[in-house]
Structures are given as structure tokens and as C-alpha cells.
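Dear colleague,

Please find the structure below, handed over for your review. My findings follow it.

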Amino acid sequence: MAITKTVPQRTDDRSDPASSVEAEGRHLNSPLLLTMVMLVLVLLQSPIRRALAAPVMQSWTTVFVAVMVQALPFLVLGVLLSAAIAVFVPPSFFARALPSRPALAVPVASAAGAVLPGCECASVPVAGALVRRGVTPAAALAFLLSAPAINPIVLTATAVAFPGNPEMVLARLVASLLVACAMGWLWLRLGRTDWLKPPSRPSHDGQSKGEAFWGSVRHDVMHAGGFLVVGAMAAATLKAVAPESWLRTAAENPVLAVLSLAILAVVLSICSEADAFVAASLSQFSLTARLTFLVVGPMIDLKLFAMQAGTFGRAFALRFAPATFALAVLVSVLTGAVIL
């Protein structure tokens, strides 16, 4: 008599963990998490209130809110321009607008930065859109550096902040253009393709231009805005813990004065529309040191570094930011010696 052996039907065990994770995710939904967070905040409201009342926390909150309030409108402006470039401007436009030779495209893109009425928060997403549109990265990076420092709003604010020193406007314009062109040419010479991560963009195939535009806006606001918050938090933390007596000591030494204001520009992360008034208030420092503050700040600060890392990749930011800082300091000192 033949004995038949029944084999139990196998199930795909590999799907069980995923199913359990999905089931668990359904239980831990957003309303439940929000309720738990609100409950914790209610229970800990007294210690939280005491912590926020501390002078250090008040200083931290003030700087954080100030950076966000200054930067967010111009970030939105940059996002709108980026989406408009990505959706409505044909790629052939940039081939016609910029010289075919990359070495010539760099100064043209640097000069084109004068047409963007925004700060560094606006220039990052626009530069990302230029790279996506096929513009040579060297030209896009030159635009990224020059736009926040030489546009009419910034130069007008500089003239208003330094009414007795109109040469500061010319010095800022010249130094910023020189740094932007030099960094563009330097990237053209030494930059590598694997250092620059192509800026990501969600696919909008099959959508109308309006749908694609607002989809790009939502993507860039969520992406760049998150890095803006991280940079603003870092700037507020450093500003709150740094002793103010350091500035008075550094102003007495010309070399330390330049380096101190260069570092201060990175730490404070002030938008370029407002930095001239901060520089004018630092009257204990020389004009050259304050010029360094105005040139370095729009090109590399904490929030800008975070946004560059998020847009072009960390490998790019770790190389581009130190080189920009060093060149901006050097060019500012040389420009100040000639013009100021």
C-alpha cells in the first residue's frame, strides 16, 4: 500500500516581518503620536517653562526666530524661482544665454547674480535648478555665490548702513564678484563629478505645467526648509554660548579682527539683506574686517552649509565651504587694502 506524504503548504516567511511592521505602523498612527507628545508637554510644562525663562534660552530663541524670519521669505522666493526655471524655462535657453565655453560662462553667471533680489537662502535652490537644467556646475556655483552679495537690494542696504563710507558698496561688489569667479574657475579646474550630487527632483511626467510647478515648490520647501531649520538651530546655539568679550579682545589685533568677523559671519548666519547693518554696528572693528564679514556671510554660513549639503551632497559641501571661506577672507583683505 502506497503511503502518501502530505507536504504542508509553505508560506513566504519573508513577508511576515513586513506585514507586522505595517500592522504596527497602523496602530502607531499620527494622531496617536501627536496625542502622546501633547500629553508629555502638558506633564512637563513647569520645567519647560523654567528652562525657557533662562537668559541663555531667551537668547537662543531670539537668534533662532530672527534667522528664520529673515531667511524664510527669501527661501520661498528662491523656491518659486527654482520651480519656474525647472518647469517653464526650456533647457535650450541656458545654452543660448551662457557662453559655450565654461571658462567664459563663469563670469557671465557671476554677473547674472545681480538680477536675483534675495539672499543666500534663495540662491541655493536656484543654483540647483540650473544644474538640473544642464548648466555647467562651475557657472551655477559662481551664480550661487554672487547672487546674495551683489543684487541691488543688498548693495542699497550696504549704502544705507555705511552713509559715511560709500566705498564699502564698491568694495563689497568687487570682492564678491572676484570670489564668485575664482571659485567657479577653481571648481572648473579641480572639481570632480563624483563630489557633486545632482540635485534630486521628483518626476512630474504626465502632469500639467501648473501641477508640476506646485509639486516642485512643495518638494523644495520641505527639502531646503528642513536644512534651514538645522542651520538656524546651530547658529542660535553658538551665538548663545559665545562670550561677547571675545569680540572686544579680537578688535585690538588686525589679523584677529578679520578672522573673528569672518567666523562671526559664519556663526550668526544673517541674511545678506540685513548683515550690512550688523557690520555697521561693529564700529570697534576696521572697515576691512567689516568688509570680510559682508563678503564671507552671504557665501558660507551655518544654514547655507546645511542647505548646500542637502542640495548638492555632503561631499561637495565639505570641500566647497572651506575653500570658499579661505578665498573670501583673502580677497576681502586684498580688496580692502586697495579700495578702503
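Is Phe213 buried or exposed? The model is a predicted one, and in it Phe213 has a relative accessible area of 13%. Because buried means under 20% relative accessible area, Phe213 is buried.

Aromatic pairs

The structure contains six aromatic pairs. One of them is formed by Trp187 and Phe316, with an edge-to-face geometry: the centres are 5.5 Å apart and the planes are at 75°. Trp187 belongs to helix H10 (residues 167-190) and Phe316 to helix H17 (residues 314-339), so this pair ties together parts that are 129 residues apart in sequence. Both partners are buried: Trp187 has a relative accessibility of 13%, and Phe316 one of 0%.

Phe213 and Trp214 also form an edge-to-face pair, at 5.0 Å centre to centre and with 80° between the planes. Phe213 is buried, whereas Trp214, at 48% relative accessibility, counts as partly exposed.

Surroundings of Ala250

Ala250 is located in helix H12, which spans residues 245-250. With a relative accessible area of 7%, Ala250 is buried. Apart from its neighbours within four places in sequence, Ala250 is in contact with Leu256, Ala257, Ser260 and Phe285.

With kind regards

Notes. Residues are numbered from 1 along each chain as its sequence is written. This is a predicted model: local features need pLDDT of at least 70, side-chain atom pairs count only at pLDDT 80 or more; totals for chains, interfaces and linings use all residues. Side-chain values use heavy atoms; hydrogens and water are left out. Helices (H or I, at least four residues) and strands (E, at least two) are DSSP runs, numbered from the N terminus. Buried means under 20% relative accessible area, exposed over 50%, partly exposed in between (1.4 Å probe, protein chains only). Contact means heavy atoms within 4.5 Å. Rings of Phe, Tyr and Trp (its six-membered ring) pair if their centres lie within 6.5 Å; planes under 30 degrees apart count as stacked, over 60 as edge-to-face and the rest as tilted.
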